[in-house]
Amino acid sequence: MNIFQRLFSNPAKTETFYSHLVSFDSISGEIEKKHLSRDQKSHLKSLAQSAIHHSVLDTVLTDLALDDKKDFLKLLHQNDHDSLRKIIQGKGLEAKIQDAFKKIEKEIILDLI
Amino acid sequence: MAKYEKYNIYKSRLDKRVKNTQDAFWANHAPALCWLTEKLPAKQIAAGSLGSLLLLSSPGLSPVNLTKSLTIGQKLPSKKAVGILLREDLSFEVPDQVRVLTPEEEARITKTLSKYYGFTVTSEIDGRRLNRSYGIIGAEQHLFRFPGDQLYKHAQNAFEWTSFGKYGIAPGLGAWGYFSSSEKKFSGLDLLREKYYIAVQTFLAPGFIKDVSGFRDFFKYRKMLVVNPKTGQAVVTDIGDAGPAEFTGKHLGGSPEVMFYLGLTGGPAKGPVLYFFIDDPTDAVPLGPITP
């Protein structure tokens, strides 16, 4: 995987540093209700997950100084999610991640009405 | 409504959602992301599993969107691309007319610059500020750095002599006198201070007349970020002199090196720049040209 595939790879397929903090069930359930083909539903889920992933990363990096951002991105590139979870806990960012997720979850569900 | 119509509506909305989060992510963290691409092995981006999620570039797309888009075969953004991003952001925030910025404009611009450069850029420190932060910079001459200094000693190599020697040396001393009391004591820091000095209108600072010595101490070698908003070129400078006079129509002056790295040595050797203080209590930000 190259740098950006690792940074932005589909979080539903891989365990991430914030998997334990958020649940994709509501969005997934909303998409499943639609009368669409399996491929169409899968694509919409991927779009939603990408938006969530960018939003969570933006939230985390916003709270880090430049040098800490570099360290964080390096670990993300290395897929070291255990270390990333420790950073999140150490910086007390779990609540912020959950808040950011709730905000974008609402926006995505509105997009699906 | 047909199934494919509903799908297209949902897809269009989520595409826009992804783009917005992507744009915010890149805008907020471009310096760190570009560091990552330069420090780790550079690779062409393959769309892979992200291909369908990413904004596809289209003809006529601005460099800003291109650098934020990840498409098949597209190279990762470079420092040059980040410079383009900065220039693009500034083009929305900096007025076309060279005038005194409003407090809101200063707040937006300093926030952008702080974000791109990773240090605090501000229009005011300890309640002290200059009369303006957007103005026309003109070329200054070299300054005498120690007793017995001569112009040829300012050049450390042939390039510096041919590029910067022609501007000559000012007949008088700068506002703070010599940079060093003797050639023997002349340090690397003194060299950099003269090399990247700017002259600003200290005498027009709000409150200056009531506290001349206080302002003098505040301004002496105070670090300032000077940015050419048209090109994105920037230099970390220090206040090495006072001036220019108001009748010149210019608002600050730059040493030959500062003007060179701002891209303002051609033609009339002047142009509009932004100039803000760098809040650097630990002296961590080095003097000289800087890229985001």
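Chain A of this predicted model has a mean pLDDT of 85, with 88% of its residues at 70 or more. In chain B, the buried residues of helix 7 line one face of the helix, and the largest nonpolar core holds 52 residues.

**Confidence in chain A**
- Where pLDDT is low, predicted coordinates should not be read in detail.

**Helix 7 of chain B**
- Within helix 7 (residues 212-219) of chain B, the buried residues are B:Gly214, B:Phe215, B:Phe218 and B:Phe219.
- Viewed down the axis of helix 7 of chain B, these buried residues fall within an arc of 125° and therefore line one face of the helix.
- B:Ser213 and B:Asp217 are exposed on the other side of helix 7 of chain B.
- Strand 5 (234-242) and strand 7 (270-279) of chain B are the elements against which the buried residues of helix 7 of chain B pack.

**Nonpolar cores**
- In the largest nonpolar core, of 52 residues, those touching the most other members are B:Leu113, B:Tyr117, B:Phe119, B:Ile137, B:Phe219, B:Leu225 and B:Leu274.
- Strand 7 of chain B gives the most to this core, with six residues.
- Apart from this core lies another, of 38 residues, including A:Phe17, A:Leu64, A:Ile88 and B:Phe25.
- Leaving aside residues up to four places away in sequence, B:Leu113 touches B:Leu86, B:Leu90, B:Gly118, B:Val121, B:Leu225, B:Val227 and B:Phe276.

Terms used: Residues are numbered from 1 along each chain as its sequence is written. Chains are lettered from A and ligands numbered from 1 in the order in which they are written. This is a predicted model: local features need pLDDT of at least 70, side-chain atom pairs count only at pLDDT 80 or more; totals for chains, interfaces and linings use all residues. Side-chain values use heavy atoms; hydrogens and water are left out. Buried means under 20% relative accessible area, exposed over 50%, partly exposed in between (1.4 Å probe, protein chains only). Helices (H or I, at least four residues) and strands (E, at least two) are DSSP runs, numbered from the N terminus. The arc is that of the directions from the helix axis to the C-beta atoms. Contact means heavy atoms within 4.5 Å. A nonpolar core is a set of buried Ala, Val, Leu, Ile, Met, Phe, Trp, Tyr and Cys residues joined through side-chain atoms within 4.5 Å. pLDDT is the predictor's confidence in each residue, from 0 to 100.
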